[in-house]
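Morning, everyone. Please look at the structure on the screen, and we will start with a side-chain contact.

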Amino acid sequence: MPLLSVPDLLAAARPGALAAFNVIALEHAEAIAAAAEAAKRPAVLQISENTARYHGGVAPLARACLQIAADSGAALTVHLDHATSSELIVEAVELGVSSVMYDGSTLDYAENVDSTAEVVRWCHEHGVHVEAELGEVGGKDGAHAPGARTDPDEAVAFVAATGVDALAVAVGSSHAMHTRDARLDDDLIARLAAKVPVPLVLHGSSGVPDEGLRSAVRHGMTKINIATRLNVVMAEAVRSVLAADPALADPRKYLGPGRAAVTAEVERFLHLLAAPA
């Protein structure tokens, strides 16, 4: 199926939220595509700047994800996640990626506005959707530092000043959580959704329990990013296979079960987020 734009996928996901899953290895991308086909739900394949660095550049994994998405019967797109480098954004767009998340959250507010607006201008000239993050000044984890919260009025001003198409907001989640006990501020989500004129994005969703995610969607969250949870289930499956057969050496024999575990978890999330009721 031809790649769709993020706005098209957001519309296709309603009344639920659009689920976006981070890809680290080829097996992640294959699992996400298979799950989206099975669930008959749209999804986003995301490649972070850190993952691009791990692979020595964005091109190998981006090309693979673009091909997997094109070959899939599901409605998919490929997104560059948490990019801090404009050069990386340009490279990804030239490869065919049509959506990027520029992360200027560690900058102070004025610098974040200026750098984000510059990225938005270039991306819009090339037909690319831009997500950005309004972070805590100086926060190591940006908008998702523990205790950080997005101010609705500041978010409105940020969107107006930058022209971004979607905004990642701080409402109680945190990146890289292995436990699922984060508590989101649903009242803040509702206030942000009422004021901010672009879709709201939740990062750090792996640490939020199922009902917390469903409640966030009910209160106005429209894109849900999931990464760590997929790595956890893949690692658990791989460990189980290797523990059962310590002499096993063929990666296909343990990565295959890992991929299957990710497929099942992605499909579960897609059904979970399909409707907010």
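The side chains of Asp103 and His82 make a polar contact of 2.7 Å. By polar contact I mean a pair of N or O atoms within 3.5 Å; within protein, one must be able to donate a hydrogen and the other to accept it, and residues adjacent in sequence count only if both atoms are side-chain atoms.

A word on the model. It is predicted: local features need pLDDT of at least 70, side-chain atom pairs count only at pLDDT 80 or more, and totals for chains, interfaces and linings use all residues. Residues are numbered from 1 along each chain as its sequence is written, and side-chain values use heavy atoms, with hydrogens and water left out.

Back to Asp103. Asp103 sits in the loop between strand E4 (99-102) and helix H6 (109-125). Helices (H or I, at least four residues) and strands (E, at least two) are DSSP runs, numbered from the N terminus.

Is Asp103 buried or exposed? Buried, with a relative accessible area of 13%. Buried means under 20%, exposed over 50%, partly exposed in between (1.4 Å probe, protein chains only).

Next, Glu133. Glu133 belongs to strand E5 (residues 129-133). Glu133 is buried too, at a relative accessible area of 0%. The Glu133 side chain makes a polar contact of 2.9 Å with the side chain of Ser105.

Why pair these two? An unreviewed UniProt entry annotates Asp103 and Glu133 as "binding site". They span 31 residues in sequence, yet no two of their C-alpha atoms are more than 5.8 Å apart, so they gather at one spot. UniProt annotations may be inferred rather than shown by experiment.
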